[in-house]
Amino acid sequence: MTKKEAPNPNKSEELAKYRDLVLATIDYYIENKIMEIKTPEFDSILHFQSLKTQTTEHFAKGKLAKLKKWFRDMTEMQLETRDLNFNTYLRNKTGLNINIFKDYYERINKITERGKIMTDNQFYDVKNMVDHLCQNDPVDHKQIDILNRLIIDYEQKK
């Protein structure tokens with residue numbers, strides 16, 4: 001006789017969260033034409049619509065692991081390219097307080113706390129953050145000034 005597990009009430013919340021995140025990610029691709037491809041053999045819009053349908057099916061079947069994997073895979077490009085606007089889009093679209101760039105922001109905070117950029121990678125991370133902060137509304141002039149000073153100090157030592 002097998003023991004049937006009681007449904008996890010948090011699983012339904014997680015399922016809804018990841019369904020919404022995957023659907024918002026797909027919408028981001030469609031709206032921003034990031035990965036738009038149209039050839040006689042392939043239409044990215046139709047492909048994305050198919051992915052949206054599959055996402056809804058995975059949600060209905062309770063496939064949380066699949067939805068988490070899809071979200072991780074679909075956001076890899078934004079993480080690699082430091083598309084910080086994507087994070088804002090996700091928050092606005094889903095209403096979820098999510099931060100896929102948590103590690104990135106933590107690195108920036110460590111650099112700021114240390115008061116010194118030590119590597120070229122850190123330099124590029126800080127420059128990306130300044131670019132992002134300049135596009136935000138309201139603009140965080142104080143943080144931009146701090147980061148710009150770190151950039152200038154690093155450039156002068158190079």
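One cut-off will come up again and again, so let's get it out of the way: a residue is called buried under 20% relative accessible area, exposed over 50%, and partly exposed in between. Keep in mind, too, that this is a predicted model.

Try the cut-off out on Arg 82. Its relative accessible area is 24%, so Arg 82 counts as partly exposed. Who does Arg 82 meet in a salt bridge? The partner is Asp 125, and the two side chains come together at 3.1 Å, N to O. Arg 82 sits in the loop between helix 4 (76–81) and helix 5, while Asp 125 belongs to helix 7 (residues 120–135), so this pair ties together parts that lie 43 residues apart in sequence.

Searching the whole structure turns up ten salt bridges.

Is Asp 27 buried or exposed? With a relative accessibility of 12%, Asp 27 counts as buried. Its side chain meets that of Lys 52 in a salt bridge of 2.5 Å, N to O. Asp 27 is in helix 1 and Lys 52 is in helix 2, so the bridge links parts 25 residues apart in sequence.

Asp 27 also forms a salt bridge with Lys 93, this one at 3.3 Å, N to O. Here the reach along the chain is 66 residues, because Asp 27 lies in helix 1 and Lys 93 in helix 5 (residues 84–94). Lys 93 has a relative accessible area of 40%, so Lys 93 is partly exposed.

Last stop: the nonpolar side of things. Go to the loop between helix 1 (9–32) and helix 2 (44–60), where you'll find Ile 34. Ile 34 is partly exposed, because its relative accessible area is 32%. Together with Met 35 and Met 77, Ile 34 forms a nonpolar patch on the surface, and the three have about 210 Å² of accessible area between them.

Methods:
Residues are numbered from 1 along each chain as its sequence is written. This is a predicted model: local features need pLDDT of at least 70, side-chain atom pairs count only at pLDDT 80 or more; totals for chains, interfaces and linings use all residues. Side-chain values use heavy atoms; hydrogens and water are left out. Patches are made of residues with over 30% relative accessible area and no salt bridge: like charges are joined within 9 Å, nonpolar side chains (Val, Leu, Ile, Met, Phe, Trp, Tyr) within 5 Å. Accessible areas come from the Shrake-Rupley method with a 1.4 Å probe; for residues, only the protein chains shown count as cover. A salt bridge is a side-chain nitrogen of Lys or Arg within 4 Å of a carboxyl oxygen of Asp or Glu. Helices (H or I, at least four residues) and strands (E, at least two) are DSSP runs, numbered from the N terminus. Buried means under 20% relative accessible area, exposed over 50%, partly exposed in between (1.4 Å probe, protein chains only).
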